[in-house]
Every structure is written in C-alpha cells, then in structure tokens.
Amino acid sequence: MQKHDIWFNGEFVPFDEAKVHVLSHVLHYGSSVFEGVRCYNTREKGPAVFRLRDHTQRLVDSARIYRMEIPFDLETLEAAQLETIARSGLDACYIRPLVFRGAGPMGVNPLNNPVESIIAVWEWGAYLGKEALEEGVDVEVASWQRMAPNTFPAMAKAGGNYLNASLVKMNAVLNGYTEGIMLSKDGHVAEGSGENLFMVKNGRLYTAPTSLSILPGITRASIMRLADQLGYTVETANIPREALYIADELFFTGTAAEVTPIKSVDNYVIGKGSRGPVTKAIQDAFFDVVHGGVDSYGWLTPVNVEAAPVG
C-alpha cells in the first residue's frame, strides 16, 4: 500500500505515524464504523468523488446507531476526504473514512471510550479483478448466512459486521471461488460478502429487500436509478436460492466491486457464462458517469487540488 498522509482526528500525519493503542476498544470489541468511497479520474471533471455526501451521511448515521458522537460535522468530514485525496496526488483512489472507539476503560461498555476518526486513501483497481468486469466471476452459495434482523443493525456499515463477511470470503476462496452469496435466515438470497446482488430474469431486475439485513448499498441505489432510466423494471423481492441457477444474468454491485457480472453459481453456468446484455448496458451507463463525468445526477464531487487544509 502506498504511504500517503492520513487524516487523523483533524490533523494530517505521516502514514507510519498513524497509530492506535493496543488497548483500544475497537481492537477488542470491533467497535468501528466505516465507509468505502471511490474517486475517479473523469474525462469531464478530472478527479471526482462518487456520491461523497451520501457516503459521508451514511458514516454519520452508522456512528449514530452505535452511539458514537463524531467530533466533526458532515461538511468537515467531506472536506477532509477531498483534502486527503489532494495531498496524495492521486487522480483515482479508494477512500476509507473510519470512526472507532479508542483506548479507555476496558469492557464491553464503550460509552466512556474516546471516539476517533481517520481518513486514508490508496490506489485500488477492480476489486474482483479487471478481467472480471467482462468475463464475470465464479461464486458459491455460502454456508454462513446473513445475520437475522434485530441481531446486528445491518443498516450500519460497522466493522464487526464484516466478521461474517470474512468467513464467507475465506471459504469461497479456499473452495476455489471468487466470492460467496449469503442467504437470509429464511433461505432467501441476501448479498455477497462485500457486495449487493442483482438478478436478471426475462428482462426484469430483482434485488433483495433491506428487510433481509442487507446493507442498503449506495452503488445499489445508483444502479436501480440507472436501470430505471434505461427502461428496465427493478423489483425488490425475496429470491429463492434455486432462482440463481436459472437466472438469465447475475451481477454484483458495490463501491469496490462496481458492476461485476457473475458467470456461475455452485458450478451452474449463468446465461452464456459471461457478461450478459443487460449487465453490459447497466455497466456502460455506470462507467459513463464515473469515468466520463457525464453526471446528470449530481453524483460527482470534483477534487479541488487547491482545497483548503482541514484541521
């Protein structure tokens, strides 16, 4: 990973000096919330962040759910992300804002531990592989299911939630697949370890409802809007496992995964075993925005390299 300066509690510090104490609450109890955001080097706008306000608002909302009082307002957090990118000199990058409980009293109760915040950036290409954007990926239905409602708050993008995701991802890789698809407690299709999922059947798109404890992805919402603009009907519905095997097309969405087709599930070939026409149309529309800067939705925030320092 490249060693760019990190925004740490309102100040920029060198990469190697961004440290936390080993008794920080987050290390023992997983008490963190975070975001994954992308900056694209667009043809029309230069470096620009995709849906900065929505990602930053979700970070604040996730912290609120976990009773973390972030000592910075929304605008400061947005400006800090832009300045971190500008300082890095990167034209395109992945952005990781993180809010966590620091060192203080030990024990499950975190209310007396300080709330700390960092923002880091690094170069990160296609999450599931550059070739996957066209060829697709092989996945399995995971043996680990998505948590049930009212166990963990799935609307919060919390670090502890990703222990579940890590089990799914590790098993998939060790079993020879790229990714796993989790089912809900009732056996319906939920999402991947770090991605939302769409199914295409007879020209219609289907995706799981948030009631199945999926993360309500920002890229997912963007794809639903783009699909509607392209004339496709999008439905949130309970999808049985076996529907995956007879789908015309399947694809993942997410900040890291962007729009990645699925070519097989449990060794069932999906469609023709590569990116299908609906997936390609949606992929093209998405990349027109994030690479071209063709932004009629107001989703892109340009990175002003003369941005004022934040601190």
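How many residues does helix H2 have, and how far does H2 reach from its first C-alpha to its last? Select residues 52-65: H2 has 14 residues and reaches 20 Å, close to the 20 Å expected at 1.5 Å a residue. That expected span is 1.5 Å times one less than the number of residues. Helices (H or I, at least four residues) and strands (E, at least two) are DSSP runs, numbered from the N terminus.

Before going on, some ground rules: this is a predicted model, where local features need pLDDT of at least 70 and side-chain atom pairs count only at pLDDT 80 or more, while totals for chains, interfaces and linings use all residues. Residues are numbered from 1 along each chain as its sequence is written, and side-chain values use heavy atoms, with hydrogens and water left out.

Stay on H2 and show side chains for Leu 52, His 55, Thr 56, Arg 58, Leu 59, Ser 62 and Ala 63, the buried residues of the helix. They sit on the same side of H2, because they cover an arc of only 155 degrees around the axis. The arc is that of the directions from the helix axis to the C-beta atoms. Buried here is under 20% relative accessible area, exposed is over 50%, and partly exposed is in between (1.4 Å probe, protein chains only). Step just past the end of H2 to Arg 67, which takes a positive phi of about 60 degrees.

Next, the largest pocket, with about 570 Å³ of space. Centre on Lys 157, Tyr 162, Ser 193, Gly 194 and Glu 195, the closest to the pocket's centre of the 33 residues that line it. Then colour the elements that give two or more residues to this lining: H2, strand E6 (93-101), helix H5 (162-174), strand E10 (189-192), helix H6 (218-229) and strand E14 (249-254). H5 gives the most, with four residues.

A note on terms: on a 1 Å grid over the protein atoms alone, a pocket is an open set of points with protein on both sides within 12 Å along at least five of seven lines, a cavity is a set where a 1.4 Å probe fits but cannot get out, and lining residues have an atom within 4 Å of a point. A volume is the space filled by probe spheres set on the points, which are joined across faces, edges and corners.

From there, pick Ser 222 in helix H6. Ser 222 is buried, at a relative accessible area of 0%. Leaving aside neighbours within four places in sequence, Ser 222 is in contact (heavy atoms within 4.5 Å) with Phe 50, Arg 51 and Trp 299.

The largest cavity, about 40 Å³ in volume, is lined by Arg 38, Tyr 40, Phe 50, His 55, Thr 219, Gly 254, Thr 255 and Phe 286.

Last stop, two loops. Where is Asn 150? Look in the loop between strand E8 (137-141) and H5. Asn 150 has a positive phi near 70 degrees and counts as exposed at 80% relative accessibility. Finish at Asp 266, in the loop between E15 and strand E16 (268-269), where phi is positive too, near 50 degrees.
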